[in-house]
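User: Can you walk me through this model? I'd like to start with the aromatic rings.

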Amino acid sequence: MTDAITPSPALEWRPMTTADLDGVVEVAKVSFPDHPEDLACFDNRLTLNPQSCFVLSDEQGGVHGYLVAYPWVRNAAPALNTLIDALPEHPEVIYLHDLALHPSTRGGGYTRPVVEALAQQARSAGFERISLVAVNNAAGFWERNGFKVMTPDGMAAKLASYGDDARYMERDIL
C-alpha cells in the first residue's frame with residue numbers, strides 16, 4: 001500500500017482586491033520580518049495603482065504571494081511603511097514596491113511570470129524601466145531577473161531605513 005500524496009493547490013496570479021489584503025499582510029510578515037508594513041500601506045498602493053497589484057492565489061482565494069508596483073520617479077524609493085498621497089505627476093519608472101511568496105510556495109517558478117507580466121504592462125504604458133529596492137540579500141535574485149544595481153547620488157541615505165544589504169536596482173524594458 002502506498003501513501004496518498006496530496007497535490008499542491010493550483011496557484012495563479014490574478015489582480016489583487018481589498019479582500020486579499022489580510023493575506024498579503026500575512027505573506028509580508030513571514031517574507032520581510034525585518035521590514036514590516038501595515039495593511040494601510042498595501043491598501044494605499046492598491047488604491048493608487050490597482051492595475052499593477054497582483055496576488056498568487058489558490059482556487060479558494062487564499063493568498064500565497066503578491067506583487068505591488070506603481071509609477072514613480074527614478075532614483076528614489078518611498079520610505080518603508082508610509083502612505084503616499086498621490087502618484088507623481090511625471091513618473092519615470094514603474095517602482096516594484098514588493099514581490100513576496102509564502103515560504104511554502106518558493107521555488108515553484110512563480111516569480112518570473114509575474115515579473116515579466118509587469119515588464120510587459122510597463123512597456124505598454126510607455127515606461128522604459130522598472131526600479132526596486134532589493135532587501136534580505138536578494139540582489140542576486142533580481143540580477144537573474146534582469147535588474148542591475150545602481151548607485152545614484154544621494155541614494156545611500158534613502159536606503160538606510162531598508163537595512164545594510166539594501167540595493168537600489170533597475171531593469172531596462174525597452
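User: Which residues do ring pairs link into a cluster?
Analyst: Tyr70, Trp72 and Tyr95. Bear in mind that this is a predicted model.

User: How do the rings of Tyr70 and Tyr95 sit?

Analyst: Their centres are 5.7 Å apart and the planes are at 50°, so the pair is tilted. The pair links distant parts of the chain. Tyr70 is in strand S3 and Tyr95 is in strand S4 (residues 93–101), 25 residues apart.

User: Are Tyr70 and Tyr95 buried or exposed?
Analyst: Tyr70 is buried, at a relative accessible area of 1%. Tyr95 is buried too, with a relative accessible area of 1%.

User: How many aromatic pairs does the structure hold?
Analyst: Five. One of them is formed by Phe42 and Tyr66. Their centres are 5.4 Å apart, with 75° between the planes, and the pair is edge-to-face.

User: Where are Phe42 and Tyr66 in the chain?
Analyst: Phe42 is in helix H2 (residues 39–48). Tyr66 is in strand S3 (residues 63–72). They are 24 residues apart, and this pair also links distant parts of the chain.

User: And why does Phe42 count as buried?
Analyst: Because its relative accessibility is 1%, and buried means under 20%. Tyr66 is buried as well, with a relative accessible area of 0%.

User: Switching to the sheet. What is the strand order?
Analyst: S1-S2-S3-S4-S5-S7-S6. It is an open sheet of seven strands with mixed pairing. The edge strands are S1 (12–15) and S6 (148–149), and each pairs on one side only.

User: How many bridges do S2 and S3 pair over?
Analyst: Five, in the antiparallel sense. Strand S2 covers residues 53–57. Cys53 has Val68 in S3 as its bridge partner.

User: Which strands does helix H1 touch?
Analyst: S2, S3 and S4. H1 (residues 21–31) packs on the sheet, and its direction makes about 95° with that of S3.

User: What about H3?

Analyst: H3 (residues 111–124) packs on the sheet too. It touches S1, S2, S3, S4, strand S5 (129–134) and strand S7 (167–172). The direction of H3 makes about 165° with that of S4.

User: Back to H1. At what angle do H1 and H2 pack?
Analyst: About 120°, with their axes 9 Å apart. That angle makes H1 oblique to H2. The crossing is right-handed.

User: Which residues in H1 and H2 meet there?
Analyst: From H1, Leu21, Asp22, Val24, Val25 and Ala28. They meet Leu39, Phe42, Asp43 and Leu46 in H2. Phe42 is also the ring that pairs with Tyr66.

User: Last topic: backbone. What is phi of Asn75 near?
Analyst: It is near 60°, a positive value in a residue other than glycine. Most residues other than glycine have a negative phi. Asn75 is in the loop between S3 and S4. Its relative accessibility is 29%, so Asn75 counts as partly exposed.

User: And what is phi of Asn136 near?
Analyst: Phi of Asn136 is near 55°, again positive in a residue other than glycine. Asn136 lies in the loop between S5 and helix H4 (139–144). At 34% relative accessibility, Asn136 counts as partly exposed.

Technical notes
Residues are numbered from 1 along each chain as its sequence is written. This is a predicted model: local features need pLDDT of at least 70, side-chain atom pairs count only at pLDDT 80 or more; totals for chains, interfaces and linings use all residues. Side-chain values use heavy atoms; hydrogens and water are left out. Rings of Phe, Tyr and Trp (its six-membered ring) pair if their centres lie within 6.5 Å; planes under 30 degrees apart count as stacked, over 60 as edge-to-face and the rest as tilted. Helices (H or I, at least four residues) and strands (E, at least two) are DSSP runs, numbered from the N terminus. Buried means under 20% relative accessible area, exposed over 50%, partly exposed in between (1.4 Å probe, protein chains only). Two strands pair if DSSP finds at least two bridges between them. Contact means heavy atoms within 4.5 Å. Axes are lines fitted to C-alpha atoms, for helices over the stretch in contact, and angles run from 0 to 180 degrees between N-to-C directions. Angles under 35 degrees count as roughly parallel, over 145 as roughly antiparallel, 65 to 115 as roughly perpendicular and the rest as oblique. A crossing is left-handed if the near helix is turned anticlockwise from the far one by less than a right angle, and right-handed if clockwise.
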